[in-house]
Amino acid sequence: MPEEFPRVAPAMIYDTTPGLGAFTDCVLFGRVWPSDALPQRDRSLLTISALIAGGKFPQLGSHSARGLDNGLLPQELAEITLQLAIYTGWPNAMSAAAELRKVFDEKGVAQVTQSPAPKLDLPAEAEAARAAIVDKNVRPTAALLADLTDEVLFGDLWRRPDLSPRDRSLATVAALVMIGQPEQLPFHMNRALDNGLTEEQAGAALAHLAFYAGWPRAMSAVPVLKQILEQRNGH
């Protein structure tokens with residue numbers, strides 16, 4: 001390993017799989033994490049979201065602590081966990097909450113409180129279009145699911161002020177890439193771009209997620225992003 005890269009991988013990794021140790025230090029933490037293509041806070045948000053979505057709880061503690069050091073607030077970590085309960089299932093979120101509690105105890109965070117701010121307003125035109133799609137494609141077959149989508153997801157969750165719309169979108173996109181759901185990406189990637197994610201940041205997010213979700217899932221997301229950007233740019 002070149003001396004200019006500090007060692008991040010534990011000695012056990014070098015003793016067991018030295019190539020993995022070298023790639024961890026030289027590539028993942030030597031090249032990807034330091035890149036200014038994304039803020040460190042975004043990289044932590046993406047990583048934490050992917051780990052929760054994938055049920056990779058042994059890795060969640062260290063990355064949650066890193067996320068706090070990189071500027072994520074305890075309330076934001078809590079809200080990411082709630083967001084992913086909806087998009088990746090309650091068992092993942094409940095297990096993630098237990099890991100977060102350990103980190104919060106170590107950091108001296110006694111209790112996480114919810115913001116008293118009013119709910120956010122969603123863009124009326126976009127929300128009407130979304131609701132119309134749900135009415136057409138979901139309600140005739142699964143009426144309760146349609147009701148919950150309108151009332152819980154978009155009537156409550158996406159309007160909560162504890163996490164910015166951009167961050168909520170970024171967490172959702174990371175989760176969809178991690179669990180291999182490219183068919184759900186067009187809606188949520190467009191929403192992320194509408195919520196302030198730049199085109200360059202969207203591409204950088206996929207590069208980052210390649211290391212945590214795996215290359216196949218990141219590569220499967222690339223044509224989706226390409227088509228979205230072409231449509232948004234009038235091509």
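How many aromatic pairs does the rule for ring centres and planes give? The count comes to five, where rings of Phe, Tyr and Trp (its six-membered ring) pair if their centres lie within 6.5 Å, with planes under 30 degrees apart taken as stacked, over 60 as edge-to-face and the rest as tilted. Two of these pairs are set out below.

| Pair | Centre to centre | Angle between planes | Class |
|---|---|---|---|
| F29 and W33 | 5.9 Å | 10 degrees | stacked |
| F154 and F187 | 6.1 Å | 90 degrees | edge-to-face |

The model is predicted: local features need pLDDT of at least 70 and side-chain atom pairs count only at pLDDT 80 or more, while totals for chains, interfaces and linings use all residues. Residues are numbered from 1 along each chain as its sequence is written, and side-chain values use heavy atoms, with hydrogens and water left out.

F29 and W33 are both buried, a word that stands for under 20% relative accessible area, with exposed over 50% and partly exposed in between (1.4 Å probe, protein chains only). R66 lies over the face of W33, 4.3 Å from the ring centre; a charge sits over a ring if NZ of Lys or CZ of Arg is within 6 Å of the ring centre and within 35 degrees of the ring normal.

F154, in the loop between α8 (143–153) and α9 (165–178), and F187, in helix α10 (residues 185–194), are 33 residues apart. Helices here are DSSP runs (H or I, at least four residues), numbered from the N terminus. F154 is buried at a relative accessible area of 6%, whereas F187 is partly exposed at 37%. R191 lies over the face of W158, at 4.2 Å from the ring centre.

The largest nonpolar core has 51 residues, of which L77, I80, V177 and M189 touch the most other members. Such a core is a set of buried Ala, Val, Leu, Ile, Met, Phe, Trp, Tyr and Cys residues joined through side-chain atoms within 4.5 Å. Helix α9 gives the most to this core, with eight residues. A second, separate core of five residues includes Y87, L153, F154 and L157.

In helix α7, the buried residues are E127, R130, A131 and V134. Seen down the axis, the buried residues of α7 fall within an arc of 95 degrees, so they line one face of the helix; the arc is that of the directions from the helix axis to the C-beta atoms. The face turned away from this buried side carries the exposed residues E125, I133, K136 and N137.

Methods. Helix = DSSP H or I, 4+ residues; strand = E, 2+ residues; numbered from the N terminus.
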